[in-house]
Amino acid sequence: MTSAIYPGSFDPVTFGHIDIIKRASKLFDSLTVSVLDNKAKSALFSADDRVKMLEEVCADIPNVTVDSFSGLLVDYVRKNNFDVVIRGLRAITDFEYELQMAQTNRKLLLQADTVFLTTSLEYAYLSSTTVREVAAFGGDISLFVPDSVAERVYKKYRENGEQNGRKD
Ligand code: ADP
């Protein structure tokens with residue numbers, strides 16, 4: 001049994017992430033997609049909301065489970081005894097950072113080997129940041145995320161807008 005972990009911010013999950021999840025789920029017996037709950041980084045969605053969105057989009061993939069973690073990835077890998085860490089590689093710009101992370105993780109924990117899946121070309125440009133930026137200005141994000149996710153993103157910006165516009 002080979003178990004893999006795909007960690008990330010997933011703020012929100014995009015078709016690019018889903019492509020990696022589907023492909024990784026075919027390569028390993030089990031795949032845990034895990035939301036990094038990084039309190040130091042301000043996210044659009046809470047970790048719980050990001051988990052919910054991932055659960056919805058992964059519901060029909062039988063060997064995928066969704067979780068969240070905080071702290072060091074290597075501690076989470078050790079605790080859950082994962083065999084492999086999955087990361088997606090888009091462009092050359094991802095490579096330097098991802099290589100550094102993978103090597104650091106392996107130095108900290110030999111067992112934490114990273115397997116990179118290269119992005120499908122149709123999603124090579126896609127990032128959660130782009131999705132948030134387009135949605136913040138009311139643009140169409142239906143090409144980037146599933147409908148269930150798009151609804152939550154628009155709702156979140158509407159709520160945030162209402163809060164910002166409120167006068168005390
Ligand atoms: P991070 O974990 O760096 O905050 P994300 O949550 O956006 O970033 O992404 C998690 C992982 O998914 C990273 O390995 C990232 O390179 C990969 N990824 C993000 N978007 C895509 C995409 N469009 N195609 C393939 N891989 C992607």
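A: In this predicted model, helix α5 covers residues 128-136, and Ser128, Val131 and Ala135 are buried in it. Viewed along the axis of α5, these buried residues fall within an arc of 60 degrees, so they line one face of the helix. The arc is taken from the directions that run from the helix axis to the C-beta atoms. An α-helix has 3.6 residues a turn, so residues three or four places apart point the same way. Buried stands for under 20% relative accessible area, exposed for over 50%, and partly exposed for what is in between, with a 1.4 Å probe and protein chains only. Helices (H or I, at least four residues) and strands (E, at least two) are DSSP runs, numbered from the N terminus.

Residues are numbered from 1 along each chain as its sequence is written, and side-chain values use heavy atoms, with hydrogens and water left out. Because the model is predicted, local features need pLDDT of at least 70 and side-chain atom pairs count only at pLDDT 80 or more, while totals for chains, interfaces and linings use all residues.

Ser127 counts as buried, at 17% relative accessibility. Its side chain makes a polar contact of 2.8 Å with the side chain of Thr130. A polar contact is a pair of N or O atoms within 3.5 Å; within protein, one must be able to donate a hydrogen and the other to accept it, and residues adjacent in sequence count only if both atoms are side-chain atoms. After α5 comes Gly138, with a positive phi near 75 degrees.

Next, the ligand. Leu126 has a backbone N or O atom 2.9 Å from a nitrogen atom of the ligand. Tyr123 likewise places a backbone N or O atom 2.9 Å from a ligand nitrogen. For Gly88, a backbone N or O atom lies 2.6 Å from an oxygen atom of the ligand. On its own the ligand has 550 Å² of accessible area, and the protein covers 90% of that; areas come from the Shrake-Rupley method with a 1.4 Å probe, and for residues only the protein chains shown count as cover.

There are 18 residues around the ligand, and Tyr6, Ser9, Phe10, Gly88 and Tyr123 come nearest. A residue is near a molecule or strand if one of its heavy atoms lies within 4 Å of it. At least two residues of the shell come from each of β1 (3-8), α1 (15-27), β4 (84-89) and α4 (92-108).

The loop between β1 and α1 holds Phe10. Phe10 has a positive phi near 50 degrees although it is not a glycine, and at 2% relative accessibility it counts as buried. Pro12 lies in the loop between β1 and α1 as well, and the peptide bond from Asp11 to Pro12 is cis, with omega near 5 degrees.

Asn81 also has a positive phi without being a glycine, about 55 degrees. Asn81 is in the loop between α3 (73-80) and β4, and is exposed, with a relative accessible area of 53%. In helix α4, Lys107 is exposed at 76% relative accessible area.
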